[in-house]
Amino acid sequence: MAPPQAPSPTLLRVERMSMRFGGLTAVDDLSFDVRRGDITALIGPNGAGKTTVFNCITGFYKPTSGRISMAPDGAIDSAALDALTRSGARGGEGLHLLERMPDHEIARDARVARTFQNIRLFAGMTALENLIVAQHRPLMRASAFSLAGLIGAPSYRAAEQAARDKARDWLDRIGLTARADDPAGALPYGDQRRLEIARAMCADPVLLCLDEPAAGLNPRESAELNALLRSIRDDGTSLLLIEHDMSVVMEISDHVVVLDYGRKIADGAPAEIRADPSVIAAYLGVPDEEVAAVEQEIGA
Amino acid sequence: MAETSSVRAALADAARYGLIAGALAFPILALRVEPDFSNKLVLETRWSWMLGAAIAAFVIRLVLALAPARAARRTLATAVDAPSAGGKTATRAIAAFGLGLIVAWPLIVLFTFGPAGALKWIDNYGVQILIYVMLGWGLNIVVGLAGLLDLGYVAFYAVGAYAYALLATNYGVSFWLCLPLAGILAAFWGILLGFPVLRLRGDYLAIVTLAFGEIIRIVLVNFSALTNGDAGIASIPRVTFFGLPFIAGPKGFAAYFDIPFSPIHRVVFLYYLILALALVTSLVTLRLRRLPIGRAWEALREDEIACRSLGLDTTKIKLTAFALGAMFGGFAGAFFAVRQGFVSPSSFNFVESATILAIVVLGGRGSQIGVAAAAIAIVGGSELLRELDFLKQIFGDGFDPTQYRMLLVGLAMVVMMNWRPRGFVSSRTPTIFLGERKTIAADLVQEGRG
Ligand SMILES: Nc1ncnc2c1ncn2[C@@H]1O[C@H](COP(=O)(O)OP(=O)(O)OP(=O)(O)O)[C@@H](O)[C@H]1O
Ligand SMILES: [Mg+2]
């Protein structure tokens with residue numbers, strides 16, 4: 001682990017966010033920061049509300065209360081943020097209020113991309129096509145809303161070639177070049193997980209949110225995934241990661257937020273989390289074999 | 001041992017089917033109420049009919065159970081599902097041959113039947129089928145590519161037809177100017193209707209589009225001041241050969257080209273006109289499929305939530321699909337009006353929408369060749385029923401084969417849903433590839449939930 005340095009600027013800030021479904025409070029008064037260049041892990045037992053937090057950040061749910069702000073190009077500045085909140089606008093000058101934006105605008109303008117706990121690939125389209133669809137925006141602009149594309153203008157051809165090259169690079173990175181022309185739905189599970197990450201990356205995000213990317217992977221695949229996630233971080237995309245596998249969390253994350261019954265019970269560097277008694281207690285509420293596994297991971 | 005027991009099981013099974021068929025046939029076939037001379041109702045019984053139905057069900061079931069049909073059917077289905085490289089060139093050859101046949105069709109029938117006999121073959125079997133091919137291809141954008149179930153497509157067909165009818169009769173606007181206008185108007189209505197309904201998904205979308213189709217028809221019936229209500233609009237200006245009318249006089253097409261006048265000229269011209277319109281529909285669709293907008297349609301059909309997570313504005317993408325499909329429906333409508341010379345609301349009822357949708361589903365959502373084949377089968381098939389007059393000699397004079405059209409379409413649907421639930425051509429061709437283009441089997445391709 002690199003020696004501690006001056007904290008990097010805040011990219012995403014969640015403040016006092018709650019999400020209620022009828023009588024059930026899935027997320028309760030949650031606040032945390034995601035810093036640029038970090039891998040931030042969001043952990044917690046089953047049903048703690050992790051996926052709900054993701055759905056609120058990416059606009060699929062509208063939080064019952066709270067503020068979620070994102071500064072894709074700079075840092076979150078509290079004064080500017082308060083001014084923006086009062087103005088009633090969705091965003092401006094490199095600052096976005098995610099709870100006011102529809103989901104696709106969060107992906108497009110605030111540049112937050114995500115994957116899903118149960119994989120959502122375009123199953124009937126090839127691996128390559130999946131990565132091309134993710135580059136819809138630049139391609140659409142290059143095709144002049146299909147007019148230049150219809151007549152096969154050279155500018156569009158060049159853009160499509162660039163999109164294909166980018167997709168090929170990502171297929172190389174995830175080791176799927178040989179299966180580029182196979183339908184995504186026919187790929188093995190582990191490949192689908194990596195393809196979904198590559199697809200999200202093709203949308204050119206600043207923040208990538210991954211919902212249990214290591215679920216169902218074997219140890220070798222899991223190690224490859226860690227390497228992939230680190231390389232994504234080193235290339236300048238920050239990561240927010242939901243993970244059950246403690247070895248993954250402890251190994252790659254720079255910052256950990258622990259959730260239990262929708263409430264934040266700990267927040268800090270992996271070493272601090274490892275020693276936090278409330279975290280250990282929270283994990284004691286889950287089935288025995290998992291506790292044993294967790295205790296082994298965290299060395300308790 | 002196993003043989004005899006399976007035969008016995010099959011017999012018992014078939015007997016059960018026979019009994020059920022007989023029971024069903026009792027109220028439907030065996031009992032018949034007819035007025036006698038004094039207009040009193042008398043009950044007739046036709047036990048032979050009921051018996052016939054029961055025996056037919058028994059025999060069919062027995063044959064199905066005993067024949068090794070299941071195994072054969074399975075191998076056939078997989079063989080068609082996974083076209084090899086050879087299969088691909090064969091498909092291309094069939095497409096090329098089919099296109100050649102369609103282009104040459106008027107000439108072929110002209111030589112075979114002469115000008116008088118050919119009229120029916122070009123008009124009923126040519127123009128009529130091609131209208132539905134075009135409508136099928138237009139709806140295919142919405143249903144096949146974008147995965148939005150639209151049960152009111154005929155509304156846009158009606159908008160196109162009335163656009164030409166009204167503009168031409170009231171303001172004398174020429175067909176060639178009306179054609180793009182009809183398309184634009186239909187697309188405009190597509191967007192207008194699309195805005196409120198495209199928030200809905202799946203079954204809800206289907207119901208609301210159905211309602212909109214009916215609303216447009218009812219407006220056409222009741223807005224008599226503009227549309228002349230149920231009576232429709234008659235004497236719409238007929239199609240001209242770029243200004244030359246197809247008439248017998250000295251100013252007509254025949255006189256200009258110094259050939260003897262014949263009504264077949266107009267029909268042949270109409271044939272090539274609708275062929276050109278249909279081909280434009282197909283080419284534009286095939287082209288768009290390879291562009292970002294077309295890929296977005298298909299991605300939308302595959303998974304709408306994933307689309308939104310990638311920053312795709314799904315409302316806009318649905319609207320473009322809806323508007324474009326509507327535009328081609330509008331073109332087809334203008335053609336319909338100029339061909340008939342008469343439009344009335346009864347041409348645009350729900351059965352039309354259902355027929356077009358049946359063509360798309362039967363052909364295979366998303367497939368151009370499949371939809372064309374299904375249009376030929378459904379429209380051509382029901383035209384063929386008119387040719388079956390000789391059956392009257394068997395079933396008596398009251399027998400009208402065309403009355404069985406819907407029954408046969410329904411039967412064809414049931415057979416297809418069992419044999420090829422995804423339509424004639426159900427595999428999908430990728431729009432871009434790195435190594436080689438491999439077709440994608442139907443079971444992976446989603447159908448869309450609106
Ligand atoms: N759309 C919804 N409607 C009602 N309740 C919901 C909804 N989504 C989530 N919940 C509830 O909110 C709570 C938190 O669920 P969530 O999926 O966020 O947990 P999680 O931490 O992701 O769990 P897991 O580790 O199993 O994925 C659960 O009790 C769940 O039943
Ligand atoms: Mg979850």
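Mentor: A salt bridge is a side-chain nitrogen of Lys or Arg within 4 Å of a carboxyl oxygen of Asp or Glu, and in this model, which is predicted, the structure holds 32 of them over all chains.

Trainee: Which residues does B:Glu304 pair with in a salt bridge, and how far apart are the closest N and O atoms?

Mentor: The partner of B:Glu304 is B:Lys318, with the closest N and O atoms 3.5 Å apart. B:Glu304 lies in helix H12 (residues 304-309) of chain B and B:Lys318 in helix H13 (residues 314-340) of chain B, so this pair ties together parts that are 14 residues apart in sequence. Both B:Glu304 and B:Lys318 are buried. Salt bridges can also share partners, and in this way A:Glu129, B:Arg289, B:Glu298, B:Arg301, B:Glu302 and B:Arg428 are joined into one network.

Trainee: Is A:Arg233 buried or exposed, and what of A:Asp234, buried or exposed?

Mentor: Buried means under 20% relative accessible area and exposed means over 50%. A:Arg233 is buried because its relative accessible area is 15%, whereas A:Asp234 is exposed because its value is 55%. In another salt bridge, A:Lys264 and A:Asp267 meet at 2.8 Å, N to O; here A:Lys264 is partly exposed at 32%, and A:Asp267 is partly exposed at 31%.

Trainee: Turning to the ligand, which of the 14 residues around ligand 1 come nearest?

Mentor: Those that come nearest are A:Gly47, A:Lys50, A:Thr51, A:Thr52 and A:Gln117. An oxygen atom of ligand 1 is 2.9 Å from a polar backbone atom of A:Gly47, and an oxygen atom of the ligand is 2.8 Å from a polar backbone atom of A:Lys50. With A:His244 the side chain takes part, an N or O atom there being 3.0 Å from a ligand oxygen. Of the 630 Å² that ligand 1 exposes when taken alone, the protein buries 64%.

Trainee: Which elements give two or more residues to the shell around ligand 1?

Mentor: They are strand S2 (24-35) and helix H1 (50-57) of chain A, and H1(A) provides the largest share, 3 residues. By type, the shell divides into 5 nonpolar, 7 polar and 2 charged residues.

Trainee: Which residues make the nonpolar surface patch of about 580 Å²?

Mentor: The patch is made by B:Tyr404, B:Leu407, B:Leu408, B:Leu411, B:Val415 and B:Trp419. B:Leu407, one of these, is found in helix H17 (residues 405-419) of chain B and counts as exposed because its relative accessibility is 59%.

Notes:
Residues are numbered from 1 along each chain as its sequence is written. Chains are lettered from A and ligands numbered from 1 in the order in which they are written. This is a predicted model: local features need pLDDT of at least 70, side-chain atom pairs count only at pLDDT 80 or more; totals for chains, interfaces and linings use all residues. Side-chain values use heavy atoms; hydrogens and water are left out. A residue is near a molecule or strand if one of its heavy atoms lies within 4 Å of it. A polar contact is a pair of N or O atoms within 3.5 Å; within protein, one must be able to donate a hydrogen and the other to accept it, and residues adjacent in sequence count only if both atoms are side-chain atoms. Accessible areas come from the Shrake-Rupley method with a 1.4 Å probe; for residues, only the protein chains shown count as cover. Helices (H or I, at least four residues) and strands (E, at least two) are DSSP runs, numbered from the N terminus. Ala, Val, Leu, Ile, Met, Phe, Trp, Tyr, Cys and Pro count as nonpolar, Asp, Glu, Lys and Arg as charged, and the others, Gly among them, as polar. Patches are made of residues with over 30% relative accessible area and no salt bridge: like charges are joined within 9 Å, nonpolar side chains (Val, Leu, Ile, Met, Phe, Trp, Tyr) within 5 Å. Buried means under 20% relative accessible area, exposed over 50%, partly exposed in between (1.4 Å probe, protein chains only).
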